[in-house]
Amino acid sequence: MATTDRDYYELLGVGREASDAEIKSAFRRLARELHPDVSDAPDAQERFREVVEAYEVLSKTETRNLYDRYGHAGLRSGGFQGGHVDFGNLADLFSAFFGDDVMFGGRAGGSRVRGADLAATVEIDLAEAARGVTREVPLEAAVTCTHCGGDGAEPGTEVTTCPTCNGSGRLQQVTRSVFGEFVRTQTCPTCVGSGRRIEQPCTECRGAGRVVEERMLEVVIPPGIHDGQRIRLSGEGHAGLVGGRAGDVYVEIRIRPDERFVREGDDIYATVELTFTQAALGATLTVPTLDGEEELELPPGTQPGEIVVLRGRGMPVLQRRGRGDQRILVNVLVPRHLDDEQRRLLREFEEHADEHTYGKSEGLFDKLKSAFR
């Protein structure tokens with residue numbers, strides 16, 4: 001869950017109407033100031049993590065809208081998990097958030113390239129979503145080549161500096177105008193950003209430094225997760241290039257429909273059917289719950305459309321304590337096909353019935369009069 005309950009806009013020093021560009025600019029400024037590689041302040045690391053978490057939320061339309069409407073509680077119920085930032089240095093930070101062509105301190109962010117993210121989908125039952133479950137997900141991911149250690153060169157062979165970029169991995173183009181100098185940085189086309197020229201490529205990865213590998217990834221799905229929510233597994237995606245940080249894996253959870261229940265938030269809904277005689281006389285029925293079957297006692301005179309609430313029998317509240325409720329809708333079955341004897345008995349019952357039989361406190365005429373007073 002989120003690691004701070006402080007206002008995200010306040011953390012970044014922007015107003016709630018701030019544009020995406022203003023939010024990005026504020027984050028860059030604070031990140032340069034607070035990153036542990038730069039700041040010696042005792043609380044710099046904690047403040048830096050709070051700022052990164054704020055940017056994670058406000059830089060994405062979906063999470064920003066959720067936060068604007070419902071605050072931190074909305075993020076928690078929506079499955080947002082912040083506070084898992086692990087950047088080796090400030091250059092990695094700007095590369096991960098803003099791309100590899102970002103300039104920092106007048107120099108390019110370096111030749112390390114962050115690995116790409118992966119996406120997967122897992123289908124589970126509603127009962128599994130209620131109790132939580134662990135699943136293994138098959139993935140094909142690029143991993144560091146063990147033969148060359150990700151270097152891309154055959155072990156024992158020579159690696160020289162790229163003559164085009166002189167080992168920087170970037171080419172700069174300076175444009176002068178009346179407004180000053182503009183520096184445009186792009187990846188070197190000769191070495192593709194590595195800054196090196198490989199004389200003899202690795203025989204296993206053919207110089208790529210990575211190979212594709214099939215592997216099983218274990219995903220822990222927490223109790224109470226909602227359909228369509230995603231779980232982020234940091235650093236489990238494609239391996240980076242030249243020591244770059246690995247990408248992430250985003251696992252989307254799909255919950256299969258359950259013929260017994262309909263889910264609404266943390267509550268679940270079910271129906272129970274009574275004959276009209278059971279509704280009149282009362283009955284004890286067996287109903288399904290997420291915890292197994294349970295006996296439900298319905299009193300005499302139960303009406304069609306009544307809702308019986310089983311407190312605390314719904315879905316667990318995601319990443320919090322407590323559970324929702326189970327609400328059972330009563331459906332009274334009215335007979336469609338009667339024989340002559342059944343019709344006679346019903347007519348006889350109707351002749352002896354009065355307002356007291358149906359539990360009416362006043363007649364229809366009196367109700368109409370009171371409604372228009």
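Student: What should I know before I start?
Tutor: The model is predicted, so local features need pLDDT of at least 70 and side-chain atom pairs count only at pLDDT 80 or more, while totals for chains, interfaces and linings use all residues. Residues are numbered from 1 along each chain as its sequence is written, and side-chain values use heavy atoms, with hydrogens and water left out.

Student: Which residues touch the most other members of the largest nonpolar core?
Tutor: I124, I221, I225 and I253, out of 27 residues. Such a core is a set of buried Ala, Val, Leu, Ile, Met, Phe, Trp, Tyr and Cys residues joined through side-chain atoms within 4.5 Å. Buried means under 20% relative accessible area, exposed over 50%, partly exposed in between (1.4 Å probe, protein chains only).

Student: Which elements give two or more residues to this core?
Tutor: β3 (118–124), α6 (126–131), β4 (133–144), β9 (210–221), β10 (230–233), β11 (249–255) and β13 (267–275). Helices (H or I, at least four residues) and strands (E, at least two) are DSSP runs, numbered from the N terminus.

Student: Where is the other core?
Tutor: Apart from that one lies a core of 21 residues, among them F27, Y55, L58 and Y67.

Student: New topic. What about N166?
Tutor: N166 has a positive phi of about 55° although it is not a glycine. N166 sits in the loop between β5 (159–161) and β6 (170–177).

Student: Is N166 buried or exposed?
Tutor: Exposed, with a relative accessible area of 64%.

Student: And R206?
Tutor: R206 is also not a glycine, and its phi is positive, about 60°. R206 lies in the loop between β8 (196–198) and β9, and is exposed at 76% relative accessible area.
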